[in-house]
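Subject: Structure for your files

Hello,

Here is the structure I said I would pass on. My notes on it follow below.

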Amino acid sequence: MTKRTLDLKPDTVLKNYWRNNEQFADLFNAVLFEGEQVIKPEELEDMDTEESSVLEHKEYAESLKASRDNIKVRKKSAVHGVELVLLGLEGQERIHYAMPLRVMGYDYGTYKKQYDSNAKKYKTADGMNEDEYLSRMKRDDKFMPVITVVVYYGERPWDGATTLHGMLHISKEVAKYVNDYKMLLVEARQNNLTLHNINNVDLFHLLEILLDKSKTVNEARNKAIEYAREHLVDKSVVMTVAGATNCRIDYNALDRKGETDMCTVFEETWAEGKAEGIIEIGFEIGLSENEILEKLQNMLNVSLQAAQEYIEMFRKQKA
């Protein structure tokens with residue numbers, strides 16, 4: 001069993017994929033505008049993903065650390081100047097039951113960052129009334145709106161809340177008085193997105209195939225490889241799919257073999273990546289080695305010897 005040379009971390013590979021303006025714009029058009037080409041790639045610019053800020057109280061201050069996966073500013077010419085909107089994208093490998101709260105925190109950090117930058121202009125009260133000076137903000141100052149989309153790449157259907165209200169014990173009588181906060185969720189495993197960018201189309205088709213729990217691992221793998229060959233899927237998409245589904249890819253092998261053989265590399269490495277995920281989660285939840293071996297054999301349809309080799313490979317990688 002050949003050890004692969006490149007371990008594609010889901011966070012890193014997905015962030016890199018969505019840096020592409022064409023792919024990013026296509027996704028947001030699908031989520032926000034049902035595929036209508038409202039946002040143009042040339043209107044997008046990358047922003048600093050660091051959203052850390054200081055939350056100030058009367059008696060103390062608390063630092064809040066947050067870093068987005070991707071955020072871009074959309075600059076569109078408008079009648080009275082330039083219309084600005086901030087578009088944030090967060091990837092989730094697993095269900096996070098506090099995700100609406102996290103999204104609210106990301107968005108707050110983005111607004112607070114704008115507020116802090118704006119407040120620096122007002123070092124004196126010149127040209128400001130008392131309320132404006134205390135606020136460090138003039139009545140006519142406005143900030144850029146923020147829209148955040150969460151893309152979930154996990155196998156299980158999302159069963160967590162998608163709104164702040166969904167996280168609360170709250171009665172109907174009280175609910176109308178409690179501010180809500182919703183998040184825009186896309187499930188890679190199953191969605192109705194109208195996509196036009198061919199890389200995005202291939203990406204979500206492959207993820208839908210590989211995350212389909214009704215198929216065995218081998219069935220899903222073979223169908224994905226067949227799709228990738230038939231549609232001549234771009235190497236960057238194969239690498240992103242491999243990263244999102246915890247596979248390993250030998251990048252050097254991809255370069256040597258060329259585009260036409262990249263599916264062979266994907267086929268050879270798919271089982272290794274799945275095995276690592278099964279073993280890691282098994283140990284985390286306290287399963288015995290024998291129980292993990294049994295899961296490997298059943299889920300990957302491999303022999304006991306192959307399952308033992310996967311565990312040995314896992315130990316060497318973690319050593």
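In the protein chain, residues 24 or more positions apart make up 63% of the contacts with a separation of 6 or more, a contact being heavy atoms within 4.5 Å. This is a predicted model, in which local features need pLDDT of at least 70 and side-chain atom pairs count only at pLDDT 80 or more, while totals for chains, interfaces and linings use all residues. Residues are numbered from 1 along each chain as its sequence is written, and side-chain values use heavy atoms, with hydrogens and water left out.

The protein chain has 12 helices and 7 strands; these are DSSP runs numbered from the N terminus, helices being H or I of at least four residues and strands E of at least two. Of its 319 residues, 42% count as buried. Buried means under 20% relative accessible area, exposed over 50%, and partly exposed in between, with a 1.4 Å probe and protein chains only.

Cores

The largest nonpolar core holds 36 residues. A nonpolar core is a set of buried Ala, Val, Leu, Ile, Met, Phe, Trp, Tyr and Cys residues joined through side-chain atoms within 4.5 Å. Trp18, Leu89, Val151, Tyr153, Leu203, Phe204 and Leu207 touch the most other members. Two or more residues each come from α1 (10–18), α2 (21–33), β5 (81–92), β6 (146–152), α6 (198–210), α7 (217–230) and α8 (235–244). The largest share, 6 residues, is that of α6. Leaving aside residues up to four places away in sequence, Leu203 touches Tyr17, Trp18, Val237, Thr240 and Val241. Another core, of 12 residues, lies apart from the largest one and includes Ala275, Ile278, Ile292 and Leu293.

Helix pairs

The axes of α6 and α7 come within 8 Å and cross at roughly 160°. Axes are lines fitted to C-alpha atoms, for helices over the stretch in contact, and angles run from 0 to 180 degrees between N-to-C directions. On the α6 side the contact uses Val201, Asp202, His205, Leu206, Ile209 and Leu210, and on the α7 side Ala220, Arg221, Lys223, Ala224, Tyr227 and Ala228. These divide into 8 nonpolar, 1 polar and 3 charged residues (Ala, Val, Leu, Ile, Met, Phe, Trp, Tyr, Cys and Pro count as nonpolar, Asp, Glu, Lys and Arg as charged, and the others, Gly among them, as polar).

Helix α11 (residues 289–300) packs against helix α12 (residues 304–318) at an angle of about 120°, with the axes 9 Å apart. Glu289, Ile292, Leu293, Leu296, Gln297 and Leu300 in α11 meet Leu304, Ala307, Gln308, Tyr310, Ile311 and Arg315 in α12. By class, this contact has 8 nonpolar, 2 polar and 2 charged residues.

Loops

Glu34 is in the loop between α2 and β1 (44–46) and is exposed, with a relative accessible area of 71%. Leu232 sits in the loop between α7 and α8; its relative accessibility is 72%, so Leu232 counts as exposed.

Lys121 lies in the loop between α3 (99–119) and α4 (130–135) and, at 54% relative accessibility, counts as exposed. Lys121 and Met137 are 16 residues apart in sequence, with their C-alpha atoms 9.1 Å apart in space.

Regards
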